[in-house]
Amino acid sequence: MPRGKVLTDRDRALIEAARKGHDIQAFRMVKIVEDAIEKAVAEGRLTREEAEADPEGAIMRAHAHLAVGEYPSSVLALRELTGARGPGAEDNGGWWYKLSEAWMACGDLEKSRDAAERAVRLEPDFPWSWLAVAKLRAHFGDEAGAMRAVRAGLALVPGDPEFTRLEGEIEAKAPVEKMEYHFIDPDTDSDLLRGTMPVDERLQRLYAVNCIRPDERRLAWNLGVLGAMGLKDWVPAAPPLRPFSCATLLREGFEPLTVRFLMNEAGFSKIGSIWLERMLAVLPDAPEMHRAERVDVLQNRHLHIVFTDDEGREARADIDLSPLGGDESALARRTLEFIEKNGPDADVLSPEDAAALPALAELEDRHDWKAVTESLIAFFQNQDHPPSPFLSGEIAVAFNNLSTPGNAANCALALVALESARERYSETYSWNIRMGHALVTLNREGEAVEYLDAALAADPMSLEALELMHRALGALTLSRFTFCFAERIEGVWELFSKHEAELRERLRTDPVEALDDIRRIFELVSAGWWIDASLPKRGRKCRLVFSPAKNPAFIHPICMLADAMPESVRKNWRIFKGRQPGGVGESGERHQTLIDREEKLRVLPLPEEGRIRLNFHSDEFEGVYSPEAADPYCEALKEIAERTLGEAVTMKCLASVAVCPPGSDPAGTIPLGELPQWFDEHVSGVRGLRLEDLLSDRLEYFVKPIDSPVPMSDITSGWSTAVEFLNRFRSGDDTLVNTLARSGLGAGFVTLVPAELPENPEEAEEHMKRLMSGIRKLVAHELAGAAFVSGEALAAGRAYMEFIVLDPMRLFRALAAWAGEQPAVGSLSWRSWHSRAGDLGLK
């Protein structure tokens with residue numbers, strides 16, 4: 001790609017560091033370009049207009065916006081690129097390629113195709129333009145031309161997985177949305193396609209893909225709903241100048257209100273019409289609607305009600321209306337069209353089914369679920385035999401859509417109807433999504449997960465299934481796992497044992513492929529970890545390194561996995577828990593960094609609130625002008641510090657790292673190689689520190705109770721050993737939580753209330769501590785491998801005990817049995833931290 005006049009080589013290196021892998025740091029990339037523009041203008045090299053229109057800078061900013069993976073950010077990318085249009089851009093194949101991506105994300109496939117074709121004419125040796133051309137030629141029906149584009153790309157990057165995967169999708173005549181439902185990073189894309197990626201990340205990708213092409217029938221349905229609910233003057237999005245679709249809501253006694261859908265018509269067409277109708281019905285009663293100036297509707301079914309607050313500032317009320325969604329899986333119309341096209345399928349439909357289809361399809365088209373239900377019931381009453389499996393599924397849809405979160409009784413009837421069709425349809429998408437919908441609406445989320453998993457296995461791009469799964473996982477009272485973590489450990493070691501001799505040999509002959517296979521074996525338990533393997537350097541044992549990747553949440557499972565290593569494997573393998581000082585046990589695989597000469601680094605260790613801050617000095621930091629520019633260097637320096645000191649020491653002691661300007665070398669600065677010795681001499685308890693030693697670190701705390709009904713808001717004192725881990729569960733940030741749950745891990749707490757409590761405060765406290773001691777002994781003696789006590793807290797008349805859970809049912813059965821034998825225990829209940837579903841009573 002031709003270079004522009006704004007960015008320097010150092011700017012380009014910083015941008016490259018920020019765009020590695022899946023977790024592209026979009027804000028940082030944009031900031032680097034903006035800083036470079038300011039510098040070019042300040043130095044008089046360019047006017048502001050020239051700097052803003054620089055094609056290379058525009059491409060980099062557009063790349064960052066597109067990496068966010070949301071429609072509004074795609075519009076920003078389009079604006080960046082069209083704002084830079086001019087002779088410098090129009091002769092730049094990279095600019096046309098990025099413009100093609102932006103038009104694709106904003107839903108104009110013809111402009112996207114034209115831009116991609118222009119890109120390959122200008123720069124035929126840039127492979128990714130051929131990738132875009134192949135997708136768009138296939139979409140527009142030129143399969144032969146698409147295959148030529150694939151071959152042209154493979155000639156430039158032989159064996160590239162994006163091209164080989166696309167080749168298969170073109171042969172399968174996959175729609176363009178499926179071709180785009182991917183990530184560039186191979187590991188991330190594998191997680192997406194296998195369903196191991198957290199649901200919220202999969203949803204975000206699907207929301208973006210849904211803005212590529214409208215579903216014309218559903219668009220017509222949704223526009224009909226808007227008209228029926230009093231919204232007029234529909235104006236579709238036309239980016240970049242008009243980014244969002246909007247309509248006007250007429251309200252009696254109020255000014256007309258603009259309702260913006262923060263998406264284009266393609267995204268709007270994917271909104272469920274049942275949800276849309278219900279949302280518009282409850283909108284007048286939503287908070288702040290009496291002074292609303294605009295309503296924004298997001299793709300995730302949230303509303304932003306925008307108003308002016310009492311101080312004259314723009315404010316907004318955020319409302320989650322995702323639970324209002326209906327069951328959009330009606331099949332009568334689609335089945336009727338299939339019959340008209342292909343002829344009747346006697347193996348699927350009975351004559352009674354076929355006779356009922358036209359009337360059902362007409363009612364479904366009108367979304368009149370009450371009429372659908374009444375029609376089906378009347379049809380069944382006129383038959384002298386049970387309903388067929390197909391029609392049982394149809395009536396289940398109707399019952400689901402007669403139910404709402406506050407009035408879910410009809411979903412129980414849907415389950416009855418679906419049970420009659422289980423034998424025939426239990427492996428189909430439609431049956432499983434209907435089961436999942438009914439169970440989620442009935443607040444039986446734990447049961448729903450199994451069916452939603454099956455629905456997503458049948459249709460990984462089902463928006464309805466992903467949204468239902470997101471709700472279900474966020475509302476589980478109990479952690480429900482296909483296999484708990486302890487069972488998973490047993491399974492992966494059994495698999496590793498079968499192949500360990502072969503893997504030892506392959507580490508010698510093909511270490512890269514061997515390491516990939518080792519990671520695949522352990523992937524059932526290791527989501528979020530870093531795994532490495534190497535040949536012996538001294539002695540005869542190969543080495544395995546399991547690192548928590550700086551995340552304390554993974555220390556417990558890593559230690560459990562290591563402790564369960566079979567004796568037959570120990571003969572030939574040695575496990576390292578966490579990265580060791582000096583990189584002992586590692587294969588030499590390194591994350592790419594900006595720092596080429598580590599031996600030239602000098603470091604000043606400084607105490608900071610009980611931990612150590614490391615200020616690094618090097619001539620390589622010349623030209624780092626802002627904290628944002630220093631961030632990529634800091635990430636690289638953290639890895640260098642971890643490799644130098646070992647992961648246990650850095651997780652326990654490292655507060656932060658900083659890049660210091662060249663030329664400053666204050667007293668106390670030492671070479672990087674002397675850092676381990678400095679820690680041994682100046683920081684107590686780090687010599688020989690192991691990762692498992694961090695499990696015993698306790699944070700003692702005293703909290704002033706607050707007047708709130710939220711559990712644990714009344715605590716007075718306590719301790720915790722996994723603060724960062726448990727705070728993630730409390731925060732509602734479910735990316736990590738979903739990762740842990742898929743590995744068979746959970747977290748929560750029990751509330752213990754004594755039957756009687758001594759009046760003397762000191763005696764009462766001792767009484768509570770004795771009861772908690774009984775639970776600790778129970779866990780230590782009978783529940784090894786099932787749970788860890790990770791915290792305790794006292795409150796007025798009750799106590800709380802926090803757990804990291806690896807086998808929930810074992811824990812709950814043991815706690816219930818123990819409490820039943822203790823007359824001093826009045827009540828005992830469990831609550832999952834990541835839950836909206838209340839308590840589980842154990843006594």
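Below are my entries on the helix pair and then on the salt bridges.

**Ground rules**

I'm working on a predicted model, so I note that local features need pLDDT of at least 70 and side-chain atom pairs count only at pLDDT 80 or more, while totals for chains, interfaces and linings use all residues. Residues are numbered from 1 along each chain as its sequence is written, and side-chain values use heavy atoms, with hydrogens and water left out.

**Helix pair**

I looked up α21 (residues 389-401) and α24 (residues 429-441). Helices here are DSSP runs of H or I, at least four residues, numbered from the N terminus. The two axes come within 10 Å and cross at roughly 30°. Each axis is a line fitted to C-alpha atoms over the stretch in contact, with angles running from 0 to 180 degrees between N-to-C directions. That crossing makes α21 roughly parallel to α24 (the label is for angles under 35 degrees).

I also checked the hand: the crossing of α21 and α24 is left-handed, meaning that the near helix is turned anticlockwise from the far one by less than a right angle.

Which residues make the contact? On α21 I find G393, E394, V397 and N400, and on α24 R434, H437 and A438 (contact is heavy atoms within 4.5 Å). Sorted by class, the contact has 2 nonpolar, 3 polar and 2 charged residues. Ala and Val are among those counted as nonpolar, Asp, Glu, Lys and Arg count as charged, and Gly goes with the polar ones.

**Salt bridges**

How many salt bridges does the structure hold? I get 42, each a side-chain nitrogen of Lys or Arg within 4 Å of a carboxyl oxygen of Asp or Glu.

R113 and D114 pair up at 3.6 Å, N to O. R113 is partly exposed at 27% relative accessible area, and D114 is partly exposed too, at 46% (buried is under 20%, exposed over 50%, partly exposed in between, using a 1.4 Å probe and protein chains only).

Next, E502 bridges to R506, with the closest N and O atoms 3.9 Å apart. Both sit in α27 (residues 485-509), 4 residues apart, about one turn of the helix. E502 is partly exposed at 43%.

Then D680 and R687: 3.8 Å, N to O. D680 is partly exposed at 32%, whereas R687 is exposed at 65%.

Last entry: E38, R48, E52, R61 and E80 are linked in a network of salt bridges.

Methods
Helices (H or I, at least four residues) and strands (E, at least two) are DSSP runs, numbered from the N terminus. Angles under 35 degrees count as roughly parallel, over 145 as roughly antiparallel, 65 to 115 as roughly perpendicular and the rest as oblique.
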